[in-house]
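User: I am new to this structure and would like to understand its pockets. Could you walk me through them?

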Amino acid sequence: LKPLWFKNRRFSFCFFWVVTMSGTISWRRGQAYFSAGEGTLEVPMKMHKDNRAKLLARLRPRPEVPQSAVILLEGGSEIGVYDTDTVWDFKQESNFQYMLGVKEPDCKAVIRISDGHTVLLIPKLDRDYAAWMGPVKPPAWFQRAYEVDEVRYLEELPEVLSSVLSATSLLVLEGTNRDSGESPKPPQLEGLEAVPLAGSEANRALWEELAEARVVKSAYELRILQFANDVTSQAHIETMRGVAGGVREYMAEATFKYNAAIRGCPRVGYHCICPTGKRNAILHYGHAGEPNPEVADPGSLTLRDMGAEYHCYTADVTCTYPVSGTFTADQKAVYEAVWEATLAVEHAIRPGVCYKDMHRLAQRTMLSEMSKAGLFLGDVEDMMKVNLMHMFMFHGLGHCLGLDVHDVGGYAPGVSRQDDPSIQENLRCGRELQEGMVITVEPGFYFADFLMEEALADPAKAKFIDRQRLERLRPVGGVRIEDDVVVTATGCRVLTNVPRTVAEIEATMAGLPWKLSSATQREYHGAAAL
C-alpha cells in the first residue's frame with residue numbers, strides 16, 4: 001500500500017492504492033511500469049505500445065506493404081559460452097526491445113498491420129525451470145506486464161497466424177544496418193509455410209521504417225536517455241574524484257560500474273575505455289587484448305569513455321582530465337582546442353543542419369585553435385584541402401544514440417557514408433538533423449605515432465606542422481570530449497552533465513561539489529554561423 005494525502009484548510013484525507021511488483025515490473029492503477037527499484041526511473045510499458053503504433057503509421061502508406069500482412073519479430077536468445085553450459089550476458093534484440101520491452105529471451109511477436117493487434121509468443125518452460133531459474137510465469141503475467149493483446153506459447157504460432165490474425169502474408173526484417181554493415185539473422189520460418197512472405201520490397205520497407213521510427217525519440221525515450229546520462233554523469237564524477245597515479249586503469253572501470261550500479265544501472269552500453277597518456281590515442285582501448293591494464297602515470301592525462309545503460313537505452317560519455325588534478329600548459333592547450341570545437345558544434349546544432357557540416361566545423365575549429373597553440377602554421381582552409389585533421393582526428397564527430405550505442409539511422413534510407421568521398425573519417429551520422437534526434441558530439445585530438453609519421457612524411461601536410469611543437473605535445477596522447485545531446489526545435493539540449501571547462505574539472509577534482517541541476521545543464525538556442 002502507498003499513501004496519497006490530500007489536504008485543505010479544514011480536513012486531511014489519506015487514500016491508499018495498491019502497488020504490486022514482480023521483479024523489475026510493477027503495476028499501478030492497472031498500468032505496467034519497468035524500473036530498477038527505489039530512486040530509479042519508472043518506464044511505462046505503454047511506451048512500447050506507442051512505438052508499435054508509430055511504426056504502423058509509417059508502414060501503412062507504403063504501397064509495397066500489404067495491409068492484411070502480419071509482422072513477425074524474433075527476440076534475442078541466450079548464447080552459450082563455447083562448449084560450456086554457461087551463457088554470455090543476455091541483452092534483448094534492439095528492435096524487439098523497441099516494440100515490446102520484453103526482458104525474457106527466446107520470445108517472438110506477431111503484429112497485424114491493419115489494426116496493430118499484437119500477440120507475444122513465449123517459450124513453454126518445464127517445471128524444473130522453477131528450481132534453477134525462478135518462478136514459471138504464466139501467459140497472463142506476460143500479457144499484463146507487457147500490455148499486449150494476447151500471449152501464446154511459441155508452438156501455437158501457426159494457429160495464431162491463421163485463426164487469430166487471419167494473416168495473408170508475413171513481413172520480416174530484411175536489410176543492412178547502415179552503421180555496422182551487418183544484417184539481421186534470418187527468422188525461423190519452419191512450420192509457417194502456409195503463410196507466404198510478403199517479399200523483399202515489403203521486408204525492406206519494414207526495415208527502413210523501423211530504423212527511421214527509432215531515429216526520432218519520444219518523450220518517454222528522452223526521459224530514459226536523460227536518466228542514463230544522469231547516472232553516467234554521476235559515475236564519471238566519482239571516477240574523476242578517485243583517480244590517482246600508480247593505479248591500474250581498470251580501477252576506473254570498476255569505480256564507474258559500481259557507481260552506475262548503485263544508481264540503478266548495473267549494465268554498461270559498451271566496454272569501458274580507460275586509457276592514460278599515449279594510450280589515449282587508441283580509440284577503442286579497453287577490449288579483451290588491452291583490458292585497461294596499465295598503470296596510470298601521475299603526470300598524464302586520462303581519457304574515460306563509459307556509459308550506463310537503462311532499459312536497454314545507453315549513454316555514451318567521454319571525459320578527459322589530468323591524473324594529478326591539474327592540467328599542464330600543454331595538456332590545457334590541447335584540451336581547450338577540443339572544448340572550443342565542442343562548443344562550436346553545440347551552438348550550431350539545430351533541425352535542418354547536416355551533421356557532415358558539423359564534422360567539418362569541428363575540424364576547422366581545432367585547426368584554428370591548435371594554430372594559436374603553435375602546432376600548425378598557415379591557412380586553415382589550405383589545411384582542410386589536404387585533410388590535415390584526419391591525421392589528428394581519424395574518427396567521425398558523432399553518431400545516433402539510443403537502444404544501441406551506435407544507433408540506427410545515422411544516414412537516411414538509400415544513403416551510405418561511403419557515398420561521400422570528401423569525408424575520409426568514419427562519420428556514423430551524416431544526415432540532416434531532426435527535432436528529437438539524440439546524437440553524440442565527440443571531437444577529439446590525438447597524437448597517434450603511426451599517423452604522425454605519415455603526416456610528416458607527406459610534404460603536402462608536413463609544411464603546416466611545427467615539428468618542435470609537435471614533439472612537445474606528443475606526450476599528451478589525446479583528448480576527447482563527448483556529450484550526448486538531443487536536438488530541440490531551436491537548437492540542442494545537452495543531456496550530459498559533468499565538469500567540462502579546465503576550471504570546473506580542477507575544482508571538482510580538488511573536492512568542490514558538482515550538482516546535477518539546471519544550473520549545470522547546458523542548452524543552446526539559435527545557431528552560430530558555419
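User: What makes H6 stand out in the lining of the largest pocket?

Analyst: H6 gives four residues, the largest share of that lining. Helices are DSSP runs of H or I with at least four residues, and strands are E runs of at least two, numbered from the N terminus. Besides helix H6 (200-215), two or more residues each come from strand S7 (70-74), helix H2 (94-100) and strand S12 (267-268). This is a predicted model, where local features need pLDDT of at least 70, side-chain atom pairs count only at pLDDT 80 or more, and totals for chains, interfaces and linings use all residues. Residues are numbered from 1 along each chain as its sequence is written, and side-chain values use heavy atoms, leaving out hydrogens and water.

User: How do you know which residues divide into nonpolar, polar and charged in that lining?

Analyst: Ala, Val, Leu, Ile, Met, Phe, Trp, Tyr, Cys and Pro count as nonpolar, Asp, Glu, Lys and Arg as charged, and the others, Gly among them, as polar. By that rule, the lining of the largest pocket has 18 nonpolar, twelve polar and 14 charged residues. For the second largest pocket, the division is eleven nonpolar, seven polar and eight charged.

User: How do you know which domains line the second largest pocket?

Analyst: Domain bounds come from an automatic or database domain assignment. Domain 1 (28-215) and domain 2 (219-525) each give at least three residues to that lining, so both domains take part in the lining. The largest pocket likewise draws at least three residues from each of domain 1 and domain 2.
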